[in-house]
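Visitor: I have a structure open and would like to go through it piece by piece. Can you help me read it?

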Amino acid sequence: MGVLAMVTLLTAAVPEPALLEKLGARALQLEAFTEAAQLTLEVHAEELDAAGAVNKTTQTTLRVTRAGGKVGRTLLHHEENGKDLTEAKRAELERPPKKAEAAMRSPFHPAEQPKYRFVMLPPAGEAGLLRVGFQPAGEKDEALSMGDATVDPVSGDTVALSMRPSKNPMFVEALSIDCAFEAQTPAGRALSKLTIKGIAGLLFFKKRFRVVTTLRDYEGP
């Protein structure tokens, strides 16, 4: 981190406790809703070479259901490099994960807030929205992120979130995560688009990847 960026961070105002409380309450509401909701996932994944040219693409559409802590998946479509492999991949992609998939929690979730330091940043975009920066309150860790979020101080909704690991996992050179929350649900704005870009691998066997997941058609229990 540069000297100017460090000085800016140290002198930036911290969010009002009432704002963090509202953001935390909304995060809890959304978590409870999505843990029992159905939704459709459209996943577009690309592997790229060192020059940025696409070597491989996959396109997958799944209907996901959650109930009682269990996840069900129905494959609607799957193709690789333009070839339809839906039936060939059905058993593989509909199989439940061997272990529970950890949900990506917002840094504003009440269980996560103590792990972070928050600061107010210059607003960007729509009037009335605020921008909050965050980074680990202590040591950097693979499980903790750093970045910024655009939030609605009235509803407590997160509108957009941009982050990266505060410490890259092993074999990961770079990783960025951008989230858009445009899906309207009874629990507020839900995640509608997740974009992950990164570089991972060993020495001369590094791979660049880009995965864009669209989440739509939420249905509550």
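**Helices, sheet and loops**

Guide: This is a predicted model. One place to start is helix α2, residues 17-34, which lies across β2, β5, β6, β7 and β13.

Visitor: At about what angle does α2 run to β13?

Guide: Helix α2 runs at about 80° to β13.

Visitor: And what does helix α3 lie across?

Guide: Helix α3, residues 86-94, lies across β2, β3 and β4. Its angle to β3 is about 155°.

Visitor: Now the sheet. How many strands does it have, and in what order?

Guide: The sheet is open and has 11 strands, in the order β4-β3-β2-β1-β13-β12-β9-β8-β7-β6-β5. The pairing is antiparallel.

Visitor: Which strands stand at the edges?

Guide: Those are β4 (83-84) and β5 (116-121). Each has a single partner strand, so one side of each is left without a neighbour in the sheet.

Visitor: What holds paired strands together in general?

Guide: Strands of a sheet pair through backbone hydrogen bonds.

Visitor: How many bridges join β1 to β13?

Guide: There are 10 bridges between β1 (residues 38-48) and β13 (residues 207-219), and the two strands run antiparallel. As an example, Q38 has E219 in β13 as its bridge partner.

Visitor: What about β2 and β3?

Guide: They run antiparallel and are joined by 10 bridges. T60 has H78 in β3 as its bridge partner. The hairpin of β2 and β3 has 2 residues between the strands, and G68 takes a positive phi near 60° there.

Visitor: How many bridges do β3 and β4 have?

Guide: β3 and β4 pair over 2 bridges, in the antiparallel sense. E80 stands opposite K83 in β4. This pair also forms a hairpin with 2 residues between the strands.

Visitor: Is N81 buried or exposed?

Guide: N81 counts as exposed, because its relative accessibility is 53% and the cut-off for exposed is over 50%.

Visitor: Changing topic: which residues make the nonpolar surface patch?

Guide: M170, F171 and L202 make it, and the patch is about 350 Å².

Visitor: Where do F171 and L202 sit?

Guide: F171 lies in the loop between β8 and β9, while L202 is in the loop between β12 and β13. F171 is partly exposed at 46% relative accessible area, and L202 is partly exposed at 48%. F171 also has a positive phi, near 70°.

How values were computed. Residues are numbered from 1 along each chain as its sequence is written. This is a predicted model: local features need pLDDT of at least 70, side-chain atom pairs count only at pLDDT 80 or more; totals for chains, interfaces and linings use all residues. Side-chain values use heavy atoms; hydrogens and water are left out. Two strands pair if DSSP finds at least two bridges between them. Helices (H or I, at least four residues) and strands (E, at least two) are DSSP runs, numbered from the N terminus. Contact means heavy atoms within 4.5 Å. Axes are lines fitted to C-alpha atoms, for helices over the stretch in contact, and angles run from 0 to 180 degrees between N-to-C directions. Patches are made of residues with over 30% relative accessible area and no salt bridge: like charges are joined within 9 Å, nonpolar side chains (Val, Leu, Ile, Met, Phe, Trp, Tyr) within 5 Å. Accessible areas come from the Shrake-Rupley method with a 1.4 Å probe; for residues, only the protein chains shown count as cover. A salt bridge is a side-chain nitrogen of Lys or Arg within 4 Å of a carboxyl oxygen of Asp or Glu. Buried means under 20% relative accessible area, exposed over 50%, partly exposed in between (1.4 Å probe, protein chains only).
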